[in-house]
Amino acid sequence: MFTSVLMIEQPLSATDVDFVTGLHDEEMSFVVLMQPRGAEDRLLRAIDDVALGELEQAVHEADEPEGEAALRPAALALEHSLRLLRGAGSEAVGQIIDDHPLDLLRSVVEQTHADEVIVLTAPHLVEEFFHRDWASRARHKVGVPVLKLYAHADADEERSAADVE
């Protein structure tokens with residue numbers, strides 16, 4: 001069985017699940033690490049929104065739950081993602097990242113003997129430019145290949161995931 005550690009920051013869409021489960025021609029097992037939103041990321045998210053032309057989203061960044069308030073939505077997003085992965089025939093477990101995501105990532109890779117890390121994220125132009133994004137930093141922390149993919153947003157799924165929250 002091929003084991004992937006999957007780092008996410010939003011619920012997986014059906015397109016995301018099809019993509020990650022189709023990467024290899026063997027049975028897959030996933031350990032999903034969900035990063036809740038943090039107040040320290042608000043400015044970077046707003047800059048990314050502006051750079052991507054999503055001005056409406058940039059204006060509403062302050063309305064997004066952060067810190068303790070973000071834990072419940074993150075847990076719901078994680079459960080939604082695990083259900084989709086299991087529904088696609090993969091084994092899947094997960095946890096919320098409390099602190100130090102890259103230290104946890106290294107530990108999970110070592111404990112599970114993972115074959116790869118997949119960082120599935122929205123574009124973060126500022127962090128990527130300075131190589132401070134998860135994938136760039138993870139490549140220096142784990143001893144397995146790190147694949148960076150951009151998350152897909154299926155409009156119908158966004159609405160249904162929001163309804164769950």
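Start with L85: setting aside neighbours within four places in sequence, L85 is in contact (heavy atoms within 4.5 Å) with L6, L12, V17, V20, T21, F30, V32, S90 and A92. This is a predicted model, where local features need pLDDT of at least 70 and side-chain atom pairs count only at pLDDT 80 or more, while totals for chains, interfaces and linings use all residues. Residues are numbered from 1 along each chain as its sequence is written, and side-chain values use heavy atoms, with hydrogens and water left out.

Is L85 buried or exposed? L85 counts as buried because its relative accessibility is 0%; buried means under 20% relative accessible area, exposed over 50%, and partly exposed in between, with a 1.4 Å probe and protein chains only. One of its contacts is T21, and although L85 and T21 are 64 residues apart along the chain, their C-alpha atoms are separated by 7.8 Å.

L85 belongs to helix α4. Helices here are DSSP runs of H or I with at least four residues, strands are runs of E with at least two, and both are numbered from the N terminus. Helix α4 covers residues 71-87 and reaches 24 Å from its first C-alpha to its last, close to the 24 Å expected at 1.5 Å a residue (that is, 1.5 Å times one less than its number of residues). Its buried residues are A74, L76, A77, L78, H80, S81, L82 and L85. After α4 comes G89, with a positive phi near 95°.

Now for the core. A nonpolar core is a set of buried Ala, Val, Leu, Ile, Met, Phe, Trp, Tyr and Cys residues joined through side-chain atoms within 4.5 Å. The largest one has 20 residues, and L6, F30, V32 and L85 touch the most other members.

| Element | Residues |
|---|---|
| β1 | 2-8 |
| α1 | 14-21 |
| β2 | 28-34 |
| β3 | 91-96 |
| β4 | 116-121 |

Helix α4 is on that list too, and α4 gives the largest share of this core, 5 residues. Apart from this core lies another, of 18 residues, among them V5, M7, L102 and V119.

What about the whole chain? The protein chain has 8 helices and 5 strands, and 42% of its 165 residues count as buried. Of the contacts with a separation of 6 or more, 80% are between residues 24 or more positions apart.
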